[in-house]
Amino acid sequence: VLAVALFASLSSMNQPLRAQSDPQLPYWASIDVDEARMRAGPSTEFPIKWIYHRKYLPVKVIDRMDAWRKVEDPDGDQGWMHSRLLSGDRTAIVTGNIRPMRSNPAAGARIAWRAEPGVVGHISDCDKGWCLFDVSGQRGWIEASGLWGDEELPPAPNK
(Lines give C-alpha, C1' and ligand atoms only; values in the text may rest on other atoms or scores of the structure.)
Protein backbone atom coordinates (compact mmCIF):
# COMPACT_ATOMS: atom_id res chain seq x y z
CA VAL A 1 0.00 0.00 0.00
CA LEU A 2 2.85 2.37 0.86
CA ALA A 3 4.51 1.69 -2.51
CA VAL A 4 1.28 2.50 -4.37
CA ALA A 5 0.83 5.73 -2.42
CA LEU A 6 4.46 6.73 -3.07
CA PHE A 7 4.12 5.98 -6.79
CA ALA A 8 0.86 7.99 -6.99
CA SER A 9 2.41 11.01 -5.28
CA LEU A 10 5.53 10.89 -7.47
CA SER A 11 3.54 10.60 -10.68
CA SER A 12 1.28 13.49 -9.65
CA MET A 13 4.38 15.71 -9.17
CA ASN A 14 5.10 15.32 -12.88
CA GLN A 15 1.60 16.44 -13.85
CA PRO A 16 1.28 20.02 -15.09
CA LEU A 17 -0.58 22.53 -12.98
CA ARG A 18 -4.05 23.04 -14.39
CA ALA A 19 -6.52 25.92 -13.96
CA GLN A 20 -8.99 23.89 -11.92
CA SER A 21 -6.33 23.05 -9.30
CA ASP A 22 -4.46 26.37 -9.17
CA PRO A 23 -6.21 28.97 -7.00
CA GLN A 24 -4.08 31.78 -8.46
CA LEU A 25 -5.61 31.42 -11.93
CA PRO A 26 -6.70 33.48 -13.75
CA TYR A 27 -4.42 36.48 -13.27
CA TRP A 28 -3.25 39.49 -15.27
CA ALA A 29 0.17 39.76 -16.86
CA SER A 30 1.69 41.83 -19.64
CA ILE A 31 4.01 41.09 -22.51
CA ASP A 32 7.55 41.89 -21.36
CA VAL A 33 9.44 41.76 -24.67
CA ASP A 34 9.37 43.59 -27.99
CA GLU A 35 8.38 40.42 -29.87
CA ALA A 36 6.36 37.56 -28.36
CA ARG A 37 5.00 34.46 -30.04
CA MET A 38 1.66 32.92 -29.10
CA ARG A 39 1.58 29.23 -29.93
CA ALA A 40 -1.21 26.72 -30.45
CA GLY A 41 0.14 24.57 -27.58
CA PRO A 42 2.60 24.67 -24.67
CA SER A 43 5.84 23.95 -26.55
CA THR A 44 8.00 25.35 -29.34
CA GLU A 45 6.89 22.26 -31.31
CA PHE A 46 3.42 23.81 -31.75
CA PRO A 47 2.74 26.25 -34.59
CA ILE A 48 2.81 30.00 -34.00
CA LYS A 49 -0.67 31.56 -33.95
CA TRP A 50 0.32 35.21 -33.48
CA ILE A 51 3.45 37.31 -33.17
CA TYR A 52 2.97 40.33 -30.90
CA HIS A 53 5.08 43.45 -31.38
CA ARG A 54 3.48 45.28 -28.47
CA LYS A 55 5.49 45.36 -25.27
CA TYR A 56 3.27 45.90 -22.20
CA LEU A 57 0.13 44.57 -23.91
CA PRO A 58 -2.07 43.12 -21.14
CA VAL A 59 -2.98 39.44 -21.26
CA LYS A 60 -5.09 37.30 -18.98
CA VAL A 61 -3.33 34.10 -17.89
CA ILE A 62 -5.97 31.38 -17.77
CA ASP A 63 -3.93 28.17 -17.48
CA ARG A 64 -0.40 26.90 -17.06
CA MET A 65 1.67 23.91 -17.97
CA ASP A 66 5.22 23.84 -16.65
CA ALA A 67 6.89 27.07 -17.89
CA TRP A 68 4.10 27.80 -20.39
CA ARG A 69 1.09 30.04 -19.82
CA LYS A 70 -2.18 29.91 -21.71
CA VAL A 71 -3.17 33.51 -22.26
CA GLU A 72 -6.08 35.47 -23.65
CA ASP A 73 -5.35 38.73 -25.46
CA PRO A 74 -7.61 41.83 -25.60
CA ASP A 75 -9.32 40.50 -28.75
CA GLY A 76 -10.22 37.21 -27.05
CA ASP A 77 -7.64 35.09 -28.89
CA GLN A 78 -6.13 32.35 -26.76
CA GLY A 79 -2.85 30.50 -27.02
CA TRP A 80 0.32 29.61 -25.17
CA MET A 81 3.34 31.81 -24.33
CA HIS A 82 6.48 30.94 -22.44
CA SER A 83 6.52 32.55 -18.98
CA ARG A 84 9.80 34.37 -19.72
CA LEU A 85 7.88 36.52 -22.24
CA LEU A 86 5.52 37.80 -19.55
CA SER A 87 5.71 40.21 -16.65
CA GLY A 88 3.52 40.76 -13.61
CA ASP A 89 3.32 44.49 -14.41
CA ARG A 90 -0.32 45.62 -14.41
CA THR A 91 -1.24 47.22 -17.70
CA ALA A 92 -4.50 47.89 -19.53
CA ILE A 93 -5.60 48.86 -23.02
CA VAL A 94 -8.17 51.55 -23.80
CA THR A 95 -11.31 50.15 -25.44
CA GLY A 96 -14.25 51.70 -27.24
CA ASN A 97 -13.98 55.45 -27.78
CA ILE A 98 -11.50 58.15 -26.79
CA ARG A 99 -11.43 58.15 -22.98
CA PRO A 100 -10.77 61.17 -20.79
CA MET A 101 -7.99 60.81 -18.24
CA ARG A 102 -9.05 62.98 -15.31
CA SER A 103 -7.15 64.73 -12.54
CA ASN A 104 -9.22 62.92 -9.90
CA PRO A 105 -11.35 59.75 -9.89
CA ALA A 106 -14.64 61.57 -10.54
CA ALA A 107 -16.73 62.14 -13.66
CA GLY A 108 -16.68 65.93 -13.15
CA ALA A 109 -12.93 66.24 -12.54
CA ARG A 110 -10.73 68.24 -14.91
CA ILE A 111 -9.56 66.33 -18.00
CA ALA A 112 -5.76 66.08 -17.93
CA TRP A 113 -5.33 63.94 -21.07
CA ARG A 114 -7.33 61.94 -23.57
CA ALA A 115 -6.49 58.34 -24.47
CA GLU A 116 -7.41 56.84 -27.83
CA PRO A 117 -8.62 53.26 -28.25
CA GLY A 118 -5.67 50.88 -28.37
CA VAL A 119 -3.44 52.96 -26.08
CA VAL A 120 -1.66 50.77 -23.51
CA GLY A 121 -0.60 52.09 -20.12
CA HIS A 122 0.26 50.96 -16.63
CA ILE A 123 -2.59 50.91 -14.13
CA SER A 124 -2.70 51.19 -10.37
CA ASP A 125 -5.05 52.20 -7.58
CA CYS A 126 -8.15 50.69 -9.22
CA ASP A 127 -11.12 51.34 -6.96
CA LYS A 128 -14.81 52.18 -7.29
CA GLY A 129 -14.80 52.07 -11.08
CA TRP A 130 -11.65 54.17 -11.66
CA CYS A 131 -7.99 53.32 -12.33
CA LEU A 132 -4.93 55.53 -12.28
CA PHE A 133 -3.60 55.16 -15.84
CA ASP A 134 -0.02 56.05 -16.77
CA VAL A 135 1.03 56.32 -20.41
CA SER A 136 4.74 57.20 -20.59
CA GLY A 137 4.46 59.58 -17.65
CA GLN A 138 1.13 61.12 -18.63
CA ARG A 139 -1.09 60.13 -15.73
CA GLY A 140 -4.79 60.47 -15.09
CA TRP A 141 -7.81 58.66 -13.73
CA ILE A 142 -9.79 56.73 -16.29
CA GLU A 143 -13.09 54.91 -15.87
CA ALA A 144 -12.38 51.20 -15.55
CA SER A 145 -15.26 50.39 -17.91
CA GLY A 146 -13.14 51.89 -20.73
CA LEU A 147 -10.18 49.57 -20.08
CA TRP A 148 -9.38 45.92 -20.72
CA GLY A 149 -7.07 44.60 -18.02
CA ASP A 150 -8.69 46.12 -14.94
CA GLU A 151 -10.97 43.28 -13.80
CA GLU A 152 -10.28 42.29 -10.20
CA LEU A 153 -8.03 39.24 -10.38
CA PRO A 154 -5.24 38.07 -8.08
CA PRO A 155 -1.80 39.58 -8.70
CA ALA A 156 0.61 37.70 -10.90
CA PRO A 157 2.78 35.21 -9.00
CA ASN A 158 6.53 35.76 -8.92
CA LYS A 159 8.35 34.06 -11.78
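Q: Why is Lys 55 called partly exposed?
A: Lys 55 has a relative accessibility of 32%. Buried means under 20% relative accessible area, exposed means over 50%, and partly exposed lies in between, with a 1.4 Å probe and protein chains only. The value of Lys 55 is therefore in the middle class.

Q: What kind of model do these values come from?
A: The model is predicted: local features need pLDDT of at least 70 and side-chain atom pairs count only at pLDDT 80 or more, while totals for chains, interfaces and linings use all residues. Residues are numbered from 1 along each chain as its sequence is written, and side-chain values use heavy atoms, with hydrogens and water left out.

Q: Where is Lys 55, and which residues is it in contact with?
A: Lys 55 is in the loop between strand E3 (48–52) and E4. Helices (H or I, at least four residues) and strands (E, at least two) are DSSP runs, numbered from the N terminus. Contact means heavy atoms within 4.5 Å. Leaving aside neighbours within four places in sequence, Lys 55 touches Ile 31, Asp 32, Val 33 and Asp 34.

Q: What makes Arg 37 and Glu 35 a salt bridge?
A: A salt bridge needs a side-chain nitrogen of Lys or Arg within 4 Å of a carboxyl oxygen of Asp or Glu. The N to O distance for Arg 37 and Glu 35 is 3.1 Å, so the pair qualifies. The structure holds one salt bridge. Arg 37 is partly exposed because its relative accessible area is 35%, and Glu 35 is partly exposed at 34%.

Q: How do you know that Cys 126 and Cys 131 form a disulfide?
A: A disulfide is a pair of cysteine sulfur atoms within 2.5 Å. The sulfur atoms of Cys 126 and Cys 131 are 2.0 Å apart, so they meet this rule. The count by this rule is one disulfide. The link is right-handed, with 120° about the S-S bond.

Q: Why is Ser 30 called buried?
A: Its relative accessibility is 1%, so Ser 30 counts as buried. Ser 30 is in strand E1. Its side chain reaches the backbone oxygen of Asp 89 at 3.1 Å. Leaving aside neighbours within four places in sequence, the contacts of Ser 30 include Tyr 56, Leu 57, Leu 86 and Thr 91.

Q: What makes a set of residues a nonpolar core, and how many residues does the largest have?
A: A nonpolar core is a set of buried Ala, Val, Leu, Ile, Met, Phe, Trp, Tyr and Cys residues joined through side-chain atoms within 4.5 Å. The largest has 18 residues, and those with the most contacts inside it are Ile 31, Tyr 52, Val 61, Val 71, Met 81 and Leu 86. Strands E1 (27–31), E2 (36–39) and E4 (58–65) are the elements that give two or more residues to this core. E1 gives the most, with four residues. Apart from this core lies another, of 11 residues, among them Met 101, Ile 123, Cys 131 and Phe 133.

Q: Why is the pair of Trp 28 and Trp 148 called edge-to-face?
A: Rings of Phe, Tyr and Trp (its six-membered ring) pair if their centres lie within 6.5 Å; planes under 30 degrees apart count as stacked, over 60 as edge-to-face and the rest as tilted. For Trp 28 and Trp 148 the centres are 4.8 Å apart and the planes make 85°, so the pair is edge-to-face. Trp 28 is in strand E1 and Trp 148 in strand E14 (residues 147–148), 120 residues apart. Both Trp 28 and Trp 148 are buried.

Q: What makes Lys 128 exposed?
A: Its relative accessible area is 74%, so Lys 128 is exposed. Lys 128 lies in the loop between E11 and strand E12 (130–135).

Methods:
Polar contact = N/O pair within 3.5 Å; in protein donor to acceptor, adjacent residues only side chain to side chain.
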